[in-house]
Amino acid sequence: MNLKRIIAGCIVVAACTSFAYSSDSDTLKVVRLEGGVYVEANYGHRFNGSERNRWDFPHIVAAATADFGRGWAVETELEYERMYEDGEWCNDHWDNFAVNRLFIAKTWTQSFGVRLGVVGVPLGITNGGGPALTIYDPVSEAALMPMTWHETGGAFFGSVGRWTYEVAALFYGTAPLRACRAIGAAAAFHYKPVDGMRIGAGMFHGRADRGNIHSCSPNFIDGRRLTYAVAEAELVSERWTASASLVCSDINEAHSVGAEAGYDLMDGADTGLSLTPYVRYDGVFGVAEAALCKLTAGVGVELATGFSFKAEYGRCRHRGAFTEHTLDVSVGYEFKF
């Protein structure tokens, strides 16, 4: 029995049934809840090969934060994604469903807090919650690391001035308890030189034969011990959105680089309408079966009503093999509460 599911169930029950008293009165105060639900449908077409069509429906991401007061909070992110690939639908619920985050957090000061439960591993732009322009996760990061990487464990976090940090101890929990294993440790540090810009670095060292890193890591990892080192930068301004990341692993000297940039032609902050052409480059090196260079160009439209639309063209050169041309289209809707 996987303890991650037990922990998830206990935290959900606690979040749904708990109330907190305010510190200066005897009046019962309902927990403040905020979050959102994002739903999208994607269609992809390959211009070569036998299985040319790919569907992604439904893809649902639900996130919420329950603020109990006095620094206590519960955060969760649940994801369900059903794919049609290689001529068939994946209809296995547990393969499609993921608990990306589900933890209890206690914050004492701005510079120090603790999370316990299913915590994210904030390495890279995607896992760190940075800006995303393309429809799918960046190839340069997904080729080397799990995306929406999460493990059972605990993390210290906080911010000091323009610096933020997170240090996590990661475990694989199961029953009986004697089968539990320590996976490793991860750390990430970021600096904000100006508003809207963030640069940082992170590292993971541990094993890959248990947990989410085992089930979702690329095939070349193969359950052994490994180290990741990541450097990243991102910029989000009124019109520009840009990011770049470098990922290195000590297995086969695998490394990758990715960068993207988009410019909002409509200034969505003022008009409520965003029209953002964007380009992206991904390069993966050092791993024969995953080595590639990919160029992506697309456009994203966002409406004030919560609807969004993206269309992008990709040209991916697989090293020593062939060049793949793709077209992807996505329609989404986000509801916030």
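This is a predicted model: local features need pLDDT of at least 70, side-chain atom pairs count only at pLDDT 80 or more; totals for chains, interfaces and linings use all residues.
A word on conventions: residues are numbered from 1 along each chain as its sequence is written. Local features need pLDDT of at least 70, side-chain atom pairs count only at pLDDT 80 or more, totals for chains, interfaces and linings use all residues, and side-chain values use heavy atoms, with hydrogens and water left out.

Let's begin with the rings. A search of the whole structure finds twelve aromatic pairs. Tyrosine 84 and tryptophan 89 have ring centres 5.3 Å apart and planes at 55°, so this pair is tilted. For reference, rings of Phe, Tyr and Trp (its six-membered ring) pair if their centres lie within 6.5 Å; planes under 30 degrees apart are stacked, over 60 edge-to-face, and the rest tilted.

Now, the strands, which are DSSP runs of E, at least two residues, numbered from the N terminus; two of them pair if DSSP finds at least two bridges between them. Strand 9 (residues 150–160) runs antiparallel to strand 10 (residues 163–172), joined by nine bridges. Phenylalanine 157 stands opposite glutamate 166 there. Two residues lie between the strands in this hairpin, where glycine 161 takes a positive phi near 65°.

Finally, ten bridges join strand 10 to the antiparallel strand 11 (residues 181–191), with alanine 169 partnered by alanine 185. Thanks, all!

Definitions and conventions. Helices (H or I, at least four residues) and strands (E, at least two) are DSSP runs, numbered from the N terminus.
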